[in-house]
Amino acid sequence: MKTRKCCVKGCTSVKRNPKVSFFNAPKANHLAWNLAVSNANCEKTVVKRVCAEHFRPDDIINTYSVPQDVANEVGNRIKIGLKKGIVPSIFSSVDKISNTILPSVNNLNSDHNYATCSISNQVNKSKIRKLFMENMSENIVEILTFNDLIVHFKKATLPEGWTSHFSNDEIVFYKPKFNDDRMKIEKQIVFKCTLEICVYVYQFTIQIEKISSALKFPISLTNLSQVIKVLDLKKICGGGPKSIDFPGIQVKTATLENNQLWRHQKCPILIDIKTKICSACNFLIKYFRKSSKQVKQTTDIECTLIQKKCRIIKNLKRSTKRLRTTISKINFELKELQEKQRKYQYQMAELNKSQIQKI
């Protein structure tokens with residue numbers, strides 16, 4: 001079986017040791033853990049577990065949340081826990097030349113250095129100071145031109161899922177997204193050789209002021225890493241209603257994306273993590289629902305009018321049939337009366353003739 005070790009480089013803690021407790025990286029704060037451990041290891045690290053020696057005693061929960069009288073009787077917890085939002089903060093940096101463990105910059109002036117990693121006696125203070133100055137100079141160096149950025153852009157710490165690409169004309173930091181084996185660039189920052197900086201989210205251009213005012217030349221690697229982290233934490237607006245759900249409805253203040261999704265023209269694209277949709281797109285959804293109800297009402301009225309018209313037409317057809325039968329009966333009776341009239345006229349004429357002959 002593989003031994004489960006601490007993800008911090010140089011730490012000798014193993015999960016089999018019952019005296020050392022381990023904590024799995026929480027999903028809610030996984031990016032912060034990865035960033036902290038990656039900075040300590042001087043390389044990109046995906047954190048699975050970290051031992052308790054990299055946390056302060058105030059960060060660890062070792063008592064039950066009960067009144068003090070009961071806590072004294074019960075004692076401490078067998079399985080300790082961490083407080084919410086805590087990130088590992090006690091580390092040791094590794095000297096790449098001698099492969100010996102050095103105390104990190106944060107721990108040199110700290111009163112809470114509880115790490116148990118052994119420090120070599122051969123390492124002197126000058127070497128520690130030299131390492132510290134090299135790391136600080138890499139991060140604080142100001143990038144004045146596009147050529148400086150080509151030299152230093154690989155040293156920037158990128159969030160999980162981000163990659164970089166460079167050419168003679170531009171340097172791009174981007175985050176790809178895969179859907180149905182197709183790659184789409186979700187977010188990207190483009191540095192052009194003309195010292196122009198552009199930010200894109202899918203096919204939309206984003207104003208730099210909405211992300212950070214530090215995104216401009218000259219820029220340091222630390223500021224660049226922070227800006228990319230801020231852009232990564234920003235959430236993309238889910239947009240308005242789908243065109244399939246509301247066929248035949250159109251709005252002047254909205255645009256249709258790829259014949260699938262309506263989006264308001266005032267949509268900021270990037271929103272806070274708490275909300276899923278911006279206020280403009282949310283208003284658009286409500287408007288589409290109201291308009292769809294009105295369309296349904298008009299269709300219902302039309303259906304009722306058609307039904308009434310059908311009834312009237314049926315009644316008219318019945319009445320016309322009755323009138324035709326009555327007219328045919330009247331015509332037949334008129335013919336009979338006319339024949340009787342002719343007979344009477346003929347009889348009257350004969351009677352008149354007979355009377356004249358007698359006279």
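These legends go with a set of close-up views of one predicted model.

Local features are described here where pLDDT is at least 70 and side-chain atom pairs only at pLDDT 80 or more, while totals for chains, interfaces and linings take in all residues. Residues are numbered from 1 along each chain as its sequence is written, and side-chain values use heavy atoms, with hydrogens and water left out.

**View 1. The whole protein, before zooming in.** Of its 359 residues, 31% count as buried, where buried is under 20% relative accessible area, exposed is over 50% and partly exposed is in between (1.4 Å probe, protein chains only). Take the contacts (heavy atoms within 4.5 Å) between residues at least 6 apart in sequence: 51% of them join residues at least 24 apart.

**View 2. An open, five-stranded antiparallel sheet.** The strand order here is β8-β9-β10-β11-β12, and two strands pair if DSSP finds at least two bridges between them. At the edges sit β8 (163-166) and β12 (204-206), each pairing on one side only. On average, neighbouring strands are turned by 30° against each other, direction ignored. Next along, 10 bridges join β9 to β10, with K175 opposite K187 and K177 opposite K184.

**View 3. Helix α6 lying across the sheet.** Residues 221-233 form α6, which lies across β9, β10 and β11 (197-201) and runs at about 145° to β10. Axes are lines fitted to C-alpha atoms, for helices over the stretch in contact, and angles run from 0 to 180 degrees between N-to-C directions.

**View 4. The second largest pocket.** About 630 Å³ of space lies in this pocket. Of the 19 lining residues, K184, Y202, E257, N258 and Q260 are the closest to its centre. β9 (170-179), β10 (182-192) and β16 (261-264) each supply at least two lining residues, and the largest share, three residues, comes from β10. On a 1 Å grid over the protein atoms alone, a pocket is an open set of points where a 1.4 Å probe fits, with protein on both sides within 12 Å along at least five of seven lines, and lining residues have an atom within 4 Å of a point. The volume is the space filled by probe spheres set on the points, which are joined across faces, edges and corners.

View 5. Most residues other than glycine have a negative phi, and most peptide bonds are trans. L195, in the loop between β10 and β11, has a positive phi of about 65° and is partly exposed at 41% relative accessible area. Y202 sits in the loop between β11 and β12; its phi is near 55°, and Y202 is partly exposed too, at 29%. The peptide bond from F217 to P218 is cis, with omega near -5°, and P218 is in the loop between β12 and β13 (219-220).

**View 6. The surroundings of C237.** Look for C237 in the loop between β14 (235-236) and β15 (254-257). C237 is buried, with a relative accessible area of 3%. Leaving aside residues up to four places away in sequence, C237 touches R263, C267, I269, I271, K276, I277, C278 and C281. C237 and C281 are 44 residues apart in sequence and 8.4 Å apart in space, C-alpha to C-alpha.

Notes: Helices (H or I, at least four residues) and strands (E, at least two) are DSSP runs, numbered from the N terminus.
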